[in-house]
Amino acid sequence: MAKLTLMFEDKLVKQVPIGTRPVGIGRSPDNDLPVDNLAVSNYHARVYVEAGRLVVEDLDSLNGTFVNDLRVERATLHDGDSIWVGKHHIKVDASGDTTSLGDTGKKGAVAPRINETMVLDTKARRDMLQQAAAMGERTQFAASRLKVPTLVVLSGKTDQKEYVLTNKLTVIGKSKMATVKLKGWFKPQLAAQVNQRDDGYYVGPGDKVPVVNGAPITGPLRLNDGDVVEVCGLRMNFIFRD
Amino acid sequence: MDIVSGGVTNVGRVRTNNEDCFRIVEPLNLFVLSDGMGGEAHGEIASALAVETVVQHCQETENDPAMTIFGDMPAIWSEKTKRLASAVHLANKSIYDSAQAHPEQRGMGATVTAAWIDGTRLSIAHVGDSRAYLLRSGNLQQLTSDHSLVAEQVRRGILTPAEAERSDMQSVLLRALGAHPEIEVDSEEHVLFANDVLLLCSDGLTRMITEPEIAGTLQADPDPAKAADRLVQLANEQGGADNVTAVVVHIGGQSKGWFSWLRRGPRKAVRKNGSAGGK
């Protein structure tokens, strides 16, 4: 069975197994993994199983939740990952068969992050989360947040084989400030762009007009899972990765 | 980078007072816009206070970088982004305090959208439903998320963007400066590219004219002040139901290095693209 081990520096603080119930992490003592540090919010993050995968979700903490140095709002955990909250970290041991984690499916899905009120304290936020859950919207919302948008390079010269779209604005080009860096002579600084909007990811033109699934785009085009984007001799697959 | 900017605010064609307020601080490349709300003249007080506080705090921190940062900030943010978010926290507090001290001002509030450009880095801090847009290669991208009920419903998939535009709940804000002693500020950082155009605007603009119209107008006029003027004019032509404010910022294509001649090609291409996408 998968388990989480709360560590402070090299010392083991507490270890809990991950069952069907979410594991709460935070400064408040009623968390499964209470972390006694002022940098940690009362209800800072939680870990739960969803569709056979282990997921960590930041509960809008002030100082953030980090998985292996990367700040995350929500991320899938793998065996050996470390979740950092303040100066503590939590080691993820999922060496057991992950499919045996119990598929809680949509029931395990978590309420959306919402800003329904201007009050910032964690109690209000917790109430809000519960409220949203009661409204029955959580499954729908969580389903759309499950996956990580990724550009996988199929062919062409770039600095990486795969790009996880973490920013709202992604530039494909030769510029050293571009996310997807094109290599080679005569490539434009800003060839095309992929931008996040409220309802999805849109590919737009730069100095070149990208081609999506064989057709040049006529304006910003919303990308669907599996779409093939071509620009400047670069072919990429847009996918929502688990 | 060469930065040229211009802004216009206008009362609109229906209202009698202008509760919008903006400020361009050229030496700092700081741009602040606020849309006030509240009865009588209090919306004006709130928006002026918001803009004033943000500008003042940013100016002071330029002289005294050791000043305290208000609110909790992620370590990954740049100094400017933290400062800007901190300034918005302060603006919230000054509006809230003012409303507490003057009972007749109760209920006043304001949105704020602030942009600070430092080299190629753009810092944004934002509360409410005023917006920041980035026009890049003819592609208009909204940078800020509206803190309005309908926008939240779109994000949750309850409404489609089209339904949201028709909704009569558009004025319901989920977050605004001045309502609570503490506030959550949205902040973000982006890398700017040559020829990017930044637009800050109040909802009086975005509710009157469409995004393609905004994109077209921004591309059509190379002078930011004139483009801002034209945007406001368009909003008024289409009803002008609310105060309208637009601040347009052009990021120049000037290169810093000796290799600047290399960039001529792409820049020309962008210009071509730009005029083609205009009217």
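Here is a friendly conversation about a predicted model, taken element by element.

Biologist: Let's start with the sheet that holds β5(A). In which order do the strands of this open sheet of 5 strands in chain A run?

Modeller: The sheet is open and its pairing is mixed. Its edge strands are β4 (33-34) and β9 (74-77) of chain A, each of which pairs on one side only. Reading across the sheet, the order is β4-β3-β5-β6-β9.

Biologist: How many residues of strand β5 (residues 45-50) of chain A are buried?

Modeller: In a regular strand the side chains alternate between the two faces of the sheet. In β5(A), A:A45, A:V47 and A:V49 point one way, A:R46, A:Y48 and A:E50 point the other way, and all are buried. The strand is thus mostly covered, with the buried count at 6 of its 6 residues.

Biologist: And which residue of β5(A) stands opposite A:I25?

Modeller: Strand β3 (residues 23-26) of chain A pairs with β5(A) in the antiparallel sense, over 3 bridges. Within β5(A), the residue opposite A:I25 is A:A45.

Biologist: Now the other neighbour. Which residue of β6(A) stands opposite A:V47?

Modeller: β5(A) and strand β6 (residues 53-58) of chain A run antiparallel and are joined by 6 bridges. A:V47 is one of the residues that point one way from β5(A) together with A:A45 and A:V49. Its opposite number in β6(A) is A:V56.

Biologist: Which residue takes a positive phi in the hairpin of β5(A) and β6(A)?

Modeller: This hairpin has 2 residues between the strands. The phi in question is near 50°, and the residue that takes it is A:A51.

Biologist: Moving on to the edge, which residue in β9(A) stands opposite A:L54?

Modeller: β9 (74-77) is an edge strand of the sheet. β6(A) and β9(A) pair in the antiparallel sense over 4 bridges.

Biologist: Why does A:T5 count as partly exposed?

Modeller: A residue is buried if 20 or more other C-beta atoms lie within 10 Å of its own, and exposed if 12 or fewer do. A:T5 falls in between, because its number of C-beta neighbours inside 10 Å is 16.

Biologist: What about A:L223: buried or exposed?

Modeller: A:L223 lies in the loop between β20 (221-222) and β21 (228-231) of chain A. Its contacts, not counting residues up to four places away in sequence, are A:G200, A:Y201, A:Y202, A:V203 and A:F238. Because A:L223 has 22 C-beta neighbours inside 10 Å, it counts as buried.

Biologist: β20 also belongs to a sheet. Which strands are the edge strands of that one?

Modeller: It is an open sheet of 5 strands with mixed pairing, in the order β15-β14-β16-β17-β20 (chain A). Each edge strand pairs on one side only, and the two are β15 (180-181) and β20 of chain A.

Biologist: Finally, chain B. At what angle do the axes of helix α6 (residues 211-220) and helix α7 (residues 224-237) cross?

Modeller: In this contact, B:E213, B:I214, B:T217 and B:L218 of α6(B) meet B:A227, B:R230, B:L231 and B:L234 of α7(B). Those residues divide into 5 nonpolar, 1 polar and 2 charged. The crossing is right-handed. The axes come within 9 Å, and they cross at roughly 150°.

Conventions. Residues are numbered from 1 along each chain as its sequence is written. Chains are lettered from A and ligands numbered from 1 in the order in which they are written. This is a predicted model: local features need pLDDT of at least 70, side-chain atom pairs count only at pLDDT 80 or more; totals for chains, interfaces and linings use all residues. Two strands pair if DSSP finds at least two bridges between them. Two residues are in contact if their C-beta atoms, placed from the backbone, lie within 7 Å. Axes are lines fitted to C-alpha atoms, for helices over the stretch in contact, and angles run from 0 to 180 degrees between N-to-C directions. A crossing is left-handed if the near helix is turned anticlockwise from the far one by less than a right angle, and right-handed if clockwise. Ala, Val, Leu, Ile, Met, Phe, Trp, Tyr, Cys and Pro count as nonpolar, Asp, Glu, Lys and Arg as charged, and the others, Gly among them, as polar.
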